[in-house]
Amino acid sequence: MAQRLLRGLMAVGRGEAGRAVLIAQEAQQGILRSNAGRACGPLVRHIAAFHASPASLHFCSHAEERAKRSLQARGNTAVEDLPESQTVYGCRRRIPVSPQKLNVLAKQIRNLPIDDAIKQMEFSPKKAASQIHQVLRITKRNAEYHHGIEDSSNMHVRESYVGKGRYTHGIRRANRGRGFRSDKPQAHYFLKLQVGPPAEKEFEAPSLYTRRLLQRLDRRPRRILNSLE
């Protein structure tokens, strides 16, 4: 039983969230029956709750699928009834760019088909667009090979957001023996792809100012000078 708990803690250190959850569930049942259940039971429940959090789901999709396949090979019928995942996660940490600059690109591809999002990042002149372009292509490839999604082009960007990373400081040297502090920000990028077309946006009624402006243009339409009309 101690070996199972040790394997769960090692999986926590490697970031294999799906494996840690399954190991913690197996170890929890045996530990609670033993004499040390009162001491180790809260620790095991804490490990399982931590890796079931939304932030950890970006890392557990591939590890969880491998753990399910290993349990199915051993004849565990309880895992075979689980539905197939139609959602694929991707992320990239410690990108050398500020979160504000990366968030501009993250908002640009929200609710877009995966192929259109890849094209937007491929031809974007911004430097950080290459990082998001690589994450999109890798996540699309993982959907085909590791999640069994045949038509990965039928996916859209469900979520695309940015997290703040570590800020490091350096020295910017200047003339006359002077020096200034230089900031080196880092950001984390998280992606969620879902099978199916993107959801249609609800129609929003124009504001009072917009309605009055349209009425004014209808009464006196603007004429383009030197036009062919």
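A salt bridge is taken here as a side-chain nitrogen of Lys or Arg within 4 Å of a carboxyl oxygen of Asp or Glu. In this predicted model, Asp 183 meets that criterion with Arg 181, the closest N and O atoms being 3.5 Å apart. Asp 183 is partly exposed, at 44% relative accessibility, whereas Arg 181, with a relative accessible area of 60%, is exposed. By the rule stated above, the count comes to 3 salt bridges.

Another of these pairs is formed by Asp 115 and Lys 140, for which the closest N and O atoms lie 2.8 Å apart. This pair links distant parts of the chain, since Asp 115 belongs to helix 6 (residues 114–122) and Lys 140 to helix 7 (residues 129–145), 25 residues apart. Asp 115 has a relative accessible area of 27% and is partly exposed, while Lys 140 is classed as buried because its relative accessible area of 18% falls under the 20% cut-off.

Lys 192 counts as buried at 16% relative accessibility, and Glu 159, with a relative accessible area of 33%, is partly exposed.

Key
Residues are numbered from 1 along each chain as its sequence is written. This is a predicted model: local features need pLDDT of at least 70, side-chain atom pairs count only at pLDDT 80 or more; totals for chains, interfaces and linings use all residues. Side-chain values use heavy atoms; hydrogens and water are left out. Helices (H or I, at least four residues) and strands (E, at least two) are DSSP runs, numbered from the N terminus. Buried means under 20% relative accessible area, exposed over 50%, partly exposed in between (1.4 Å probe, protein chains only).
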